[in-house]
Amino acid sequence: MAIANKVETFLGTGRRKEAVARVRLSVGTGKFTVNERELENYFMTELLAQTATAPLTVVDMRETVDVIVTTLGGGYNGQADAVALGIARALEKMNPTLRGGLKKAGHLSRDGRVKERKKTGQPGARRKFQFSKR
C-alpha cells in the first residue's frame, strides 16, 4: 500500500470591509488561484493583482509557493486587501523569521475601516438635510 506524499499547507485568513479571504499556502512553483480562477483572470487590473501579491513580493517568494484562495463578500478592492492579509498571515506561519519584513511593510495589520451606518433623520452617515433659516 503506497502512501501519498503529503504537502504541508499553511492557512491564513484575511478580512477587509465585508470581504473575507481564506488562503492555503504550500511550497510549489508559483501557481496562484483565486476562487478556482487564475490571479490575472480574477483581479482584472494590474493594481489589484499587485495589491493581492504584495506580501509575496516583499519576502521574494512569488515563484516558490503555490497559493489557493477562496474569497467572498465585498468588492474586488476589499477582496484584494483581504487576500494580501491572508497571505501575510500564512507566510508568517510558514516561516516565523519573515515576520519582521512583513510587519515593517505593514502587511500584518488589519485595516479596520468599515462603512459607517446611516443615521436616522439624515440622508447618509454624516450628511445632513439642507438647513433653511426661513
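I count a contact when heavy atoms lie within 4.5 Å. With that in hand, I looked up valine 67: apart from residues up to four places away in sequence, it touches Val23, Arg24, Leu25, Lys31, Phe32, Thr33, Leu56 and Ile87.

A note on the source: this is a predicted model, where local features need pLDDT of at least 70, side-chain atom pairs count only at pLDDT 80 or more, and totals for chains, interfaces and linings use all residues. Residues are numbered from 1 along each chain as its sequence is written, and side-chain values use heavy atoms, with hydrogens and water left out.

Buried is under 20% relative accessible area, exposed is over 50%, and partly exposed is in between, with a 1.4 Å probe and protein chains only. This core has 30 residues, and Phe32, Phe43, Val67 and Leu91 touch the most other members. I found two or more residues each from E2, E3, H1, helix H2 (46-58), E5 and H3. H3 gives the largest share, 8 residues. These labels are DSSP runs numbered from the N terminus: helices (H or I) have at least four residues, strands (E) at least two.

**Entry: the sheet**

I traced an open, mixed sheet of 5 strands, in the order E1-E2-E5-E3-E4. Strands E1 (9-16) and E4 (37-38) are at the edges with a single partner strand each, so one side of each has no neighbour in the sheet. Pairing here takes at least two DSSP bridges between two strands. I saw that E2 (residues 19-27) and E5 (residues 65-72) pair antiparallel over 8 bridges, and that valine 20 stands opposite leucine 72 in E5. H3 packs on the sheet, where it touches E1, E2, strand E3 (32-34) and E5, and its direction makes about 145° with that of E1. For such angles, axes are lines fitted to C-alpha atoms, for helices over the stretch in contact, and the angles run from 0 to 180 degrees between N-to-C directions.

**Entry: the rings**

Which residues do ring pairs link into a cluster? They are Tyr42, Phe43 and Tyr76. Rings of Phe, Tyr and Trp (its six-membered ring) pair if their centres lie within 6.5 Å; planes under 30 degrees apart are stacked, over 60 edge-to-face, the rest tilted. I counted 2 aromatic pairs in the structure. Tyrosine 42 and phenylalanine 43 have ring centres 5.1 Å apart and planes at 85°, so they are edge-to-face. Tyrosine 42 and tyrosine 76 have centres 5.6 Å apart and planes at 75°, so this pair is edge-to-face. Tyrosine 42 lies in helix H1 (residues 39-42) and tyrosine 76 in helix H3 (residues 76-94), so the pair ties together parts 34 residues apart in sequence. I noted tyrosine 42 as buried at 7% relative accessible area, and tyrosine 76 as partly exposed at 45%.

Key:
A nonpolar core is a set of buried Ala, Val, Leu, Ile, Met, Phe, Trp, Tyr and Cys residues joined through side-chain atoms within 4.5 Å.
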